[in-house]
Amino acid sequence: MNDELPCGKVGEERDVHDAEGAILSLPELVNADDGLVRRARHMSLTFLVRVGEARFYVTIAHGRVAAVERGTQIIRDARFSLSAAPEAWLDHWRPVPKAGDHDLLALVKGGRAAVEGDVMAFMRDLQNVKDMMAKPRAMFLEEARQ
Amino acid sequence: MTAHIEPIVGRYLHLDLGGRPHRLYFEEAGQGIPLVCLHTAGADNRQWRHLMNDPAVTSRFRVLAFDMPWHGKSSPPAGWRDEEYRLTAESYAEMIRTFGAALGLERPVVMGCSIGGRIVVYLAIRYAREFRALIGLEAADFQPHGWYDLEWLHRPDLHGGETCAAVVSGLIAPQSPDEHRWETLWHYMQGGPGVFKGDLYFYRIDGDFRGDTHRIDPKACPLYLLTGEYDFSCSPEDTRATAARIPGGVDVTEMKALGHFPMSENPEQFRRYILPVLEEIAGRR
């Protein structure tokens, strides 16, 4: 990976709309990765992703992202939630993230993200969840190269 | 690729540890100053294979790396099924010293990573004069208790190996090549049930040496501390805090673009940092 990209929006140039758009892009990003879908084939559940105040319900069916729905209902079920400010998600998705931003659990340990709810369900597919939530990094890298 | 055989040789050593017979697997390569390398918690000596295949190292050092009991190809002691494995500071130090004595190693250099780095600090406090030099990778004299519950690492309703690997996967730097990243994590996936958790008993509970760090005398035995930029288990800041407690201080090298497993996650990057250290140690002879 190269930290110095020739063009495109990187890091601080991005805003909350980019972070929300990245979450909405998870179906195409995850479902195009056959290896990830295979590894996550026993994962079928809905988890909540918070991007600041915005809520997104990510439904996984046999390892594929079946839907990402922007949450308007306050009372809705999800097995676990992943919460972070837009800036934290965007830092996580930088082409070469800085130390402490580079891993979902690093963000959690550093207090920039939180995991709540059925933590057992989160731990059962920990690497798969990490891989899914890191997917926008590749998207932003590709955009920056264009 | 041309078929070839590596110069690494593996053998089994029988010795008593904690008053019980053990069968310990170790590998070695090279000739010269004995250099004993200690693997991280929940892994095994394969982490050192790149160093053991590096002529720049093996031309001057006899590199040895054992699998700790319960790890890799070393057996747990007889009766293991009815006990909970827990590594302690003194049992770990005894293991290293007994291994060296059994092979007749004369004042070896010891290089350890993570829990191996932690025990290096302990060796520097208590047994410094037995060693030519000590190298702590991802080393500190303390780890704050639990940012996650260790019970996740060993329970029947989670795959222990995959969970251990997923927990530590983020300790690898983003720049590390996929080939080496996933081999490093494969070692974690192959760990025995409860072994990583048992190692972390030492890392989290029986490994707080802050009250004794001031006893380290780097003049009695040179101490080198190197920590990866991306390690959030033992951060560069944790290592610097440890070094500051040593009278006179010890230089800390922050290894850029490396994480918690420098020797296995990115061997090329690691050798840029470790070769000068080994060069200096060899020059002290």
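Start with strand β1 (residues 45-51) of chain A and strand β4 (residues 80-84) of chain A: the two run parallel and are joined by four bridges. This is a predicted model. Zoom in on Val49(A); Leu82(A) is its bridge partner in β4(A).

Now widen the selection to the whole sheet of chain A. Five strands make up an open sheet with mixed pairing, in the order β3-β2-β1-β4-β5. Select β3 (64-70) and β5 (113-117) of chain A to see the edges, where each strand pairs on one side only. Ignoring direction, neighbouring strands of this sheet are turned by 20 degrees against each other on average.

Next, select α7(A). This helix lies across β1, β2 (54-61) and β4 of chain A. Its angle to β4(A) is about 40 degrees.

Follow α7(A) over to chain B. The axes of helix α7 (residues 126-134) of chain A and helix α5 (residues 160-168) of chain B cross at roughly 35 degrees and come within 8 Å. Show the side chains here: α7(A) contributes Leu126(A), Gln127(A) and Lys130(A), and α5(B) contributes Ala165(B), Ala166(B) and Val167(B). Four of the residues in this contact are nonpolar, one is polar and one is charged.

Stay on α5(B). Is this helix enclosed or open? Seven of its nine residues are buried, so α5(B) is largely enclosed by the rest of the structure. Colour the buried set: Gly161(B), Thr163(B), Cys164(B), Ala165(B), Ala166(B), Val167(B) and Val168(B).

Last, display what surrounds them. From chain A, the buried residues of α5(B) pack against α5 (104-109), α6 (119-124) and α7. From chain B, they pack against α6 (178-189) and α7 (195-204).

How values were computed:
Residues numbered from 1 in each chain as written. Chains lettered and ligands numbered in written order. Predicted model: local features only at pLDDT ≥ 70, side-chain atom pairs only at ≥ 80, totals over all residues. Heavy atoms only, no water. Axes fitted to C-alpha atoms, helices over the stretch in contact; angles between N-to-C directions. Contact = heavy atoms within 4.5 Å. Nonpolar A, V, L, I, M, F, W, Y, C, P; charged D, E, K, R; others polar. Pairing = 2+ DSSP bridges. Buried < 20%, exposed > 50% of the residue type's maximum accessible area, 1.4 Å probe, protein only.
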